[in-house]
Amino acid sequence: MTHRLEVTTPSPREIAMTRVFDAPRDLVFDCWTIPALLKRWLTGPDGWSFSVCDVDLRVGGNYRFVWQHVDGRDMGMTGTYREIVRPERLASTELFDMDWTDGEAHVTLVLTERGGRTTSAMTVLYSSEKARDGAIQVGMADGVAAGYDRLDGVLAERMAAE
Amino acid sequence: MTPSERLDATFAALADPTRRAILARLIEGEATVMELAEPFDMSQPAISKHLKVLERAGLISRGRDAQRRPCRIEGAALAEAVGWMEEYRKVWEGNYRRLDTLLAELQAHKGKA
């Protein structure tokens, strides 16, 4: 069953996303913090996959993600973990290499569990309202540019490699 | 206003709960300032201030009748803002659908172990 994703803008500088998952929160937390698992899902629009996924899961530790599109383009992002409370809370900064969000954004993930189900609430706080709208625009551009037809091949290859 | 400035104005206008409530009311049909002020515990000048923000963002327009100046909702600016949000949402819906699959797989493995 696919649960509904709620996207809201609680303040001019924030985007909040809430979603329920049919799994306990320790598993959801692992999927956010273990590279082998992150690579399986945090791949964004069709046509993209991870080329770098490094995680140093300590407060003050960095993570580095680079995604590559099937057409060769890539997109990198670096951040620092600020708070790690497994399995309920993960706070970090994020900064894209191209810095289209005008400086660091602060990401807070809160996981609550009830009856074996997890509610994931993620809030991204941008440096300004302009930065937030920029992030939304980038999401759109990539969505449109994605090469849908080649996704199956990329996924099949990746799964075979794993 | 450039499209980007227009969008800034739209998001700023939508960030306020009173203004969202005014828009929700206007979806049902046009209304005067007095009619809009009624359900809120607010003076007409306060409501007028909100209406100015909404008007500047292109979210509403005001009638020419000098007495009543009824407000009506304008779909284009709202659709543009919602459209961008929708694309952002689509990217994350994709991510989270893959996460659903992965979580189901991980639980199946756990069950077997």
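Ala121(A) is partly exposed in this predicted model, because 14 other C-beta atoms lie within 10 Å, a count that falls between the limit of 12 or fewer for an exposed residue and that of 20 or more for a buried one. The residue belongs to strand E8 of chain A, which covers residues 117-125. Leaving aside residues up to four places away in sequence, Ala121(A) touches Ala16(A), Thr18(A) and Val110(A). Ala16(A) stands 105 residues from Ala121(A) along the chain, yet the C-alpha atoms of the two are separated by 7.1 Å.

The next topic is the nonpolar interior. In soluble globular proteins, nonpolar side chains tend to be buried together. The largest nonpolar core of this model contains 15 residues, and Ala13(B), Leu26(B), Leu51(B), Leu54(B), Leu59(B), Ile60(B) and Cys71(B) have the most contacts inside it. Two or more residues each are supplied by helix H1 (3-14), helix H2 (17-27), helix H4 (44-56) and strand E2 (71-73) of chain B. The greatest contribution, 4 residues, is that of H1(B). Another core, of 14 residues, lies apart from this one, and its members include Trp32(A) and Leu90(A) as well as Leu99(B) and Leu102(B).

There remains the contact between the chains, to which chain A brings 29 residues and chain B brings 25. On the side of chain B that touches chain A, the elements giving two or more residues are H1 and helix H5 (75-112). H5(B) provides the largest share of that side, with 20 residues.

How values were computed. Residues numbered from 1 in each chain as written. Chains lettered and ligands numbered in written order. Predicted model: local features only at pLDDT ≥ 70, side-chain atom pairs only at ≥ 80, totals over all residues. Core = buried A, V, L, I, M, F, W, Y, C linked by C-beta atoms within 7 Å. Contact = placed C-beta atoms within 7 Å.
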